[in-house]
Amino acid sequence: MKKKGLYQLKKSDNKIKEYTLSVLTEDKAGLLNHITIIFNRRKMNINSLNVSTTEITGVSRFTIVVHSSLESATKVVKQIRKLVDVLAAFLYEEHEIYYQEIALYKLSTKIFLKGDLVEKIIIRKYGAKILKIEKDHIIIQKTGTKVGTQKLYDELKKFGEILEFARSGRVALSKKKRKTVNFIKELEKTKSNKLNI
Amino acid sequence: MNISGSEAVIKSLLKENVDTIFGYPGGAIMPIYDALYNYVNKINHILTRHEQGAIHAAQGYARVSGRTGVCFATSGPGATNLITGLNDALIDSTPVVCITGQVPSNLLGTDAFQESDVIGISMPVTKWNHQITNSSEIVEILSKAFYIAGSGRPGPVLIDITKDAQFSKTKFRYKKCEKIRSYHPYPVLKSEKINDAAKIINQAKKPLILVGQGVLLSKAENELIKFSEITGIPLASTLLGLSAVSCDHKNYVGYLGMHGNYGPNLKTNEADLIIAIGMRFDDRVTGDTTKYAVNAKIIHIEIDPSEIDKIIKTDVAINADAKEALIDLNKIVQKNSHEKWINEFRKCDKLEFDKIINKEINGSYDKLSMAEVIHKISEFTKGKSIIVTDVGQHQMVASRYYKFKEPNSNITSGGLGTMGFALPAAMGSKIGNPNRDVIAIIGDGGIQMTIQELATISQYNIKVKILILNNNFLGMVRQWQQLFFDNRYSFTEMKNPNFNKITDGYRIKNKKLEKREDLDKVIKEFIEYDGPYLLNVIVEKEENVFPMVPSGESVSNIRLE
């Protein structure tokens, strides 16, 4: 019998779950490609991806959502950390982060004028916002989880055709009290391992 | 004073103490070659006959010397010809800096002549890459390139420089890179991990050390021997770890892996502790991972955190440089001996000798066997040569029968298994360490993949010895076809050219060896000759390499026949 004293892979480690990766990087051309090929090579599908600058000049944040086992996700995070231009990579389960996505819905103005139903139910119930009203179309904006924006989509559809729909990738911040600037400063001081993350 | 970007490239290389460049010129790198022309007294350039030859030579140079190998290539096909070597260097952790020319920046993305997306193509096969489009970047990026290639777990770096950046002027103030905020190659050794490991080591009854290339890369050979001698723990080596421990050390129990020795493979599943040092549990070592080291706790000393728990789950993971970790372990591990356990390996050795080795080295085939030729060379050189092997049966036989005595003596394409590696890598090895004998051991298949490098060897009189073990077969594939594909020899037999006539054409001394009675005399002549020498040895056509762990099976299923 194999005695595994100190490390025990839990059964739950192999369960497929949603994980959010938050990756801080140098702002370097080609890095997106470098990160995505790590997923590609392991046949891991990216469900959502968002890249943006951060509060620190020259530092970008990638937020990547995958469905994976903990084991595979951990291995991918280690490979991402290994990239020279990656400052840090964090792996989160849903309860460890604040996260949002934004969705835009383009509807025909005619539907909107059918009554106050849309405004009452949709806007109030879902906390959505009317971004723009044009002669022939209107734009509704909602931020929330994918489930929430999808529900709104389904409801709106009942009133008529949705002309166009777009949803952003997830953005997320950790629930830990941490200041990225300080974190980067610590990285700048050390030649050794990326901090214990 | 401002200088051209091209001159800045050459001056940067000089600042990094580069003494040799392996390369091949072409349109997009001509300004750099032009700048090089003024520095030929300070820096050696070897014109290979193919860019793949250049990068494998740079790899060989790096592996024997521990310094970063450098190669030049032009844009487009020049750069794409480097890809195999880059991948090889990445998977075998070899420090190489490749500089490629690129079309002028205003033509990027236009499908210009010899334009290729080299950054995109090389991304998965480099530790780092970068495109320079402005000469002002050259100095900083090159110093970063050398720092990244050579630090931590080494690897290949590619720097692509557009032609306009090579031409335009820049200031030259070189500052060696010592830190990159996003890159932290030196892990902090945690003393509690060392304590945890020592506890397990002190209690183990049947421990086994697996020696990987990390030991050589961190120059931890002496610390490793000390560790083994204090604790009495037997040492087994991976393919790339070979030569880190002298094969005649009393605790050395042999070579691991698919065609390794019987003892260390079989005993992996009896061991109660595996101490893996600077190795990555390659599938050629582990076989079926679910049936690997089934009774053992695992201590993994490894500099690259992504290798820890990647294949085999550890009980104690020591993310550290091998040498640092061993120095600290040596301070606290208890003196011990495991003679009974080591004797079990010796029993396996005896069985392996009786069933395989004896027959192989003592001329029981009609024709010469690969093993008897290697055995003879090993005896004649007293295990002190640098052996550069290609990929296939001859590689496994060389790894089994050459008895290495000195570190950094085994240069082979391990992870990627690149046929065509050995001939150019041997050139680089000889240049990287001119004081030692370098013997390239190559099959009749592999030699034909980079045979053009005989011209380089001839032009620069690189004193390498080239041994072709010629069975007119792609022997390893044939062996698998025989054992696992019902003897269906699908496209593995080769009607070869006359290698001696070819070598004559390159003006390199050569000989054909067929008869057993000539073996001693010819090997002596081959080794002692002062200059490049190719020896074409006709060996047994259908010799199989045993022992063998069949692909995907447990190491316990190692077959002696």
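Reply:

**A tyrosine in chain B and the contact between the chains**

The side chain of B:Tyr533 is in polar contact with the side chain of B:Glu525, at 2.7 Å. The model is a predicted one. B:Tyr533 lies in strand S20 of chain B, which covers residues 533-538. Its relative accessibility is 0%, and B:Tyr533 therefore counts as buried. Apart from neighbours within four places in sequence, B:Tyr533 is in contact with B:Val464, B:Lys465 and B:Ile466, with B:Ile508, B:Lys509, B:Asn510 and B:Lys511, and with B:Glu525 and B:Phe526. As for B:Lys384, which is 149 residues away along the chain, its C-alpha atom is 18 Å from that of B:Tyr533.

The account now turns to the interface. Here 36 residues of chain A are in contact with 41 residues of chain B. The two chains bury about 3,100 Å² between them, with 50% of this area on carbon and sulfur atoms. Between chain A and chain B there are 15 residue pairs in polar contact, both residues being at pLDDT 80 or more. On chain A, the elements that give two or more residues to the side touching chain B are helix H1 (31-41), helix H2 (70-82), strand S4 (86-93) and helix H6 (180-189). H2(A) supplies the largest share of that side, five residues.

Four salt bridges are found across the interface of chain A and chain B. B:Arg181 forms a salt bridge with A:Glu26, in which the closest N and O atoms are 2.7 Å apart.

Methods
Residues numbered from 1 in each chain as written. Chains lettered and ligands numbered in written order. Predicted model: local features only at pLDDT ≥ 70, side-chain atom pairs only at ≥ 80, totals over all residues. Heavy atoms only, no water. Contact = heavy atoms within 4.5 Å. Buried area = accessible area lost by both parts, 1.4 Å probe. Salt bridge = Lys/Arg side-chain N within 4 Å of Asp/Glu carboxyl O. Polar contact = N/O pair within 3.5 Å; in protein donor to acceptor, adjacent residues only side chain to side chain. Helix = DSSP H or I, 4+ residues; strand = E, 2+ residues; numbered from the N terminus. Buried < 20%, exposed > 50% of the residue type's maximum accessible area, 1.4 Å probe, protein only.
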